[in-house]
Amino acid sequence: MVDDDTLFGEVVRVDGVNAYLARSVSRSSRELGVGEFVGVECGGDVVVSVVTGVERSIPEDMVSMISLEMESKYLPYSSELESSYYRLFGLGLLSQSGVQHGLRVAPRLRSRVWRLDDDTIRKFHLSHGRANISYFNRYREALGDDLLLAIVDELWALLPEAHRMLAPVRKYLKGGGAL
């Protein structure tokens, strides 16, 4: 599954079988971008999810009236109070028995979230050696063309064998739905 070194965050809110909010528990210098794939534990399986947005916050009562430069001098630990949250959208399930695009169950609160490695992303998107992005049609309205284009860009680098399939999809999405 995932070890503690690759752990990125944990689910703090579930808004349905597809929509989750994850709080970052990692102080990694490389943050997740929109369209990147993450895994969310769900029982013994992995919900393959995509980052759809980011939220950052700091407790309002901690926001000081001094400048940022002065804050780092007089309140050196204030950056530790910042929180980063990532909106996630579940695309499907990766289990011992195979790949399922679409979901019928949601992960539990406090489920671990991690960046998916390239091999796992490939496994989710390949069926019998052929690329499969069947979730595009199912979730197009929920995800929107900009996010789908970001997903295509991620897949472009990972699935060279799918370029012939992804090229017209990319052109369609860049053209606002017109070829």
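Modeller: I start with the ground rules, then go to the core, its helices and a few residues around it.

This is a predicted model, so local features need pLDDT of at least 70, side-chain atom pairs count only at pLDDT 80 or more, and totals for chains, interfaces and linings use all residues. Residues are numbered from 1 along each chain as its sequence is written, and side-chain values use heavy atoms, with hydrogens and water left out.

The chain holds four helices and nine strands (DSSP runs numbered from the N terminus: helices are H or I with at least four residues, strands E with at least two). Read from the N terminus, the order is β-β-β-β-α-β-β-β-α-β-β-α-α. Of the 179 residues, 38% are buried (buried is under 20% relative accessible area, exposed over 50%, partly exposed in between, with a 1.4 Å probe and protein chains only). The chain exposes about 10700 Å², and carbon and sulfur atoms supply 49% of that area (Shrake-Rupley method, 1.4 Å probe; for residues, only the protein chains shown count as cover). Among contacts with a separation of 6 or more, 70% join residues 24 or more positions apart (contact means heavy atoms within 4.5 Å).

Now the core. The largest nonpolar core has 27 residues (such a core is a set of buried Ala, Val, Leu, Ile, Met, Phe, Trp, Tyr and Cys residues joined through side-chain atoms within 4.5 Å). Phe37, Leu91, Tyr135, Phe136, Leu143, Ile151 and Leu155 have the most contacts inside this core. H3 gives the most, with 11 residues.

Take Phe37. Its neighbours within four places in sequence are left aside here. Phe37 then touches Val48 and Ser49, as well as Leu91. Its partners also include Arg115, Leu116, Ile121 and His125. Tyr135, Ile151, Glu154 and Leu155 complete the set.

A second, separate core has 15 residues, among them Phe8, Val11, Tyr20 and Leu93. Leu93 sits in strand S5. It is buried, at 11% relative accessible area. Leu93 and Arg104 are 11 residues apart in sequence, and their C-alpha atoms are 9.3 Å apart.

Next, the helices. H3 and H4 pack at about 120 degrees, with axes 10 Å apart (axes are lines fitted to C-alpha atoms, for helices over the stretch in contact; angles run from 0 to 180 degrees between N-to-C directions). That makes H3 oblique to H4 (under 35 degrees is roughly parallel, over 145 roughly antiparallel, 65 to 115 roughly perpendicular, the rest oblique). Their crossing is left-handed (the near helix is turned anticlockwise from the far one by less than a right angle; clockwise is right-handed). From H3, the residues that meet H4 include Phe136, Leu148, Val152, Leu155 and Trp156. On the H4 side they include Leu166, Val169, Tyr172 and Leu173.

H2 and H3 pack at about 130 degrees, with axes 13 Å apart. H2 is therefore oblique to H3. H2 passes H3 in a left-handed crossing. Asp118, Ile121, Arg122, Phe124 and His125 in H2 meet Tyr135, Leu155 and Leu158 in H3.

Last, some residues beyond the helices. Ser111 lies in the loop between strand S6 (98-101) and strand S7 (112-115). It counts as buried, at 5% relative accessibility. Setting aside neighbours within four places, Ser111 contacts Gly9, Glu10, Val11, Val40 and Glu41. Its C-alpha atom is 7.1 Å from that of Cys42, 69 residues away along the chain.

Arg110 is in the loop between S6 and S7. It is exposed, at 60% relative accessibility. Most residues other than glycine have a negative phi. Arg110 has a positive phi of about 75 degrees, although it is not a glycine. His128 also has a positive phi, about 55 degrees, and is not a glycine. It sits in the loop between strand S8 (126-127) and strand S9 (130-131). His128 is exposed, at 81% relative accessibility.
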